[in-house]
Amino acid sequence: MPDKWVYVTRRIPKPGLTKLSELFNIDSYESDEAIPHDVLVNSMKEKRYDALLCMLTDKIDKEVLDAAGPQLKIVATMSVGYEHIDLQECAKRNILVANTPGVSTDSVAELTVSLLLMTARRVPEGVNAVKKGEWGQWKPMWLCGTELTGKVLGIYGLGRIGFNVGRRLKPFGFSKIYYTDVQEVSYAKDIDAEFINFEGLIQKCDFICVCCNLTPQTRHMFNTDVFKKMKRNAILINTGRGGVIDHEALTEALKNGDITAAGLDVTEPEPLPKTHPLVSLPNCVILPHMGSNTWDSRNAMAEIAARNCVAAITNVTPEGIVSV
Ligand SMILES: O=CC(=O)O
């Protein structure tokens, strides 16, 4: 029987459990729903866990880390995002933090393209019209949307996902692709994307895909001032993190026609209550944070998070190490 213990905060796909069981005894929160914070804190006190495998919904703060105790070696999140983990507190305690980069790039990029097309061509409105029996005689100006051909695409955050969104969208025939990031990146030339500052991005682009992390620098970058400067025909897509957009400002911008439409797979808060004003706007397409919801990605994410736990205990550097 192994003498190491891991706590897993949710039911996870089998490849993750198989990998963990090579080295660990496993305790887990046997649910598909998020573990309440107090339950997580109490669970961490129950045993001296060597590794914690968590989800993006679990706030891993001082309280959880204090409850876990000094033997905890790693917090491995089954996500790319890690804004739910207090990196400073982990660093103080020499606890490694690791995420699962790479394996959800394709799934999120595919969903970003789907969401952009759905929003530009008003697909959800069409589907709803058919379901509600509103499909009458053909009308020349009914449910007219926007083509991609000849338009200007902007990508905010040209990391793995942003780049792969650009790669997939390029064949649609945009006249220009711009990107904004903290610095220029050499691989941008592979998709003929030109670096531009944020002001330029928001003023020149017809479509903007937000593909960045949430950091203090990106928080509410899209706010009232920005929406006023964007093109009135602009369509904003967000598959990064909800907090990059000020949702009150977005609601006003969509109502006033400052921009044409938005497609969001991530919102602030999550879940977005169905009473939120954005939900009832026809020019806002909202998905329930499902960018990486493919079995390909989820199995791989579980396996990598598990491999990261094993690595930390066997003194190998985890694949997705996150530094402060
Ligand atoms: O949003 C999903 C992730 O961070 O993996």
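Me: Which residue has a polar side-chain atom 2.7 Å from an oxygen atom of the ligand?
Reply: The model is predicted: local features need pLDDT of at least 70, side-chain atom pairs count only at pLDDT 80 or more, and totals for chains, interfaces and linings use all residues. Residues are numbered from 1 along each chain as its sequence is written, and side-chain values use heavy atoms, with hydrogens and water left out. A polar contact is a pair of N or O atoms within 3.5 Å; within protein, one must be able to donate a hydrogen and the other to accept it, and residues adjacent in sequence count only if both atoms are side-chain atoms. The side-chain atom at 2.7 Å belongs to H289.

Me: What percentage of the ligand's area does the protein bury?
Reply: Areas come from the Shrake-Rupley method with a 1.4 Å probe; for residues, only the protein chains shown count as cover. Taken alone, the ligand exposes 200 Å². The buried part of that is 88%.

Me: At what distance from an oxygen atom of the ligand is a polar backbone atom of V80?
Reply: A backbone N or O atom of G81 lies 2.7 Å from a ligand oxygen. For the polar backbone atom of V80, the distance to a ligand oxygen is 2.7 Å.

Me: How many residues of the shell around the ligand are charged?
Reply: The residues around the ligand are L56, S79, V80, G81, R241, H289 and M301. Ala, Val, Leu, Ile, Met, Phe, Trp, Tyr, Cys and Pro count as nonpolar, Asp, Glu, Lys and Arg as charged, and the others, Gly among them, as polar. Three are nonpolar, three are polar, and the number charged is one.

Me: Which residue of strand 4 is the bridge partner of L53?
Reply: Two strands pair if DSSP finds at least two bridges between them. Strand 1 (residues 4-8) runs parallel to strand 3, with three bridges. Strand 3 and strand 4 (residues 74-77) also run parallel, joined by four bridges. There, L53 is partnered by A76.

Me: Why does H84 count as buried?
Reply: H84 sits in the loop between strand 4 and helix 4 (87-92). Its C-alpha is 5.0 Å from that of K59, 25 residues apart along the chain. H84 counts as buried because its relative accessibility is 9%.

Me: What is the relative accessibility of N315?
Reply: N315 lies in the segment after helix 11 (295-313). Its phi is positive, near 60 degrees, in a residue other than glycine. N315 counts as exposed, because its relative accessibility is 69%.

Technical notes: A residue is near a molecule or strand if one of its heavy atoms lies within 4 Å of it. Helices (H or I, at least four residues) and strands (E, at least two) are DSSP runs, numbered from the N terminus. Buried means under 20% relative accessible area, exposed over 50%, partly exposed in between (1.4 Å probe, protein chains only).
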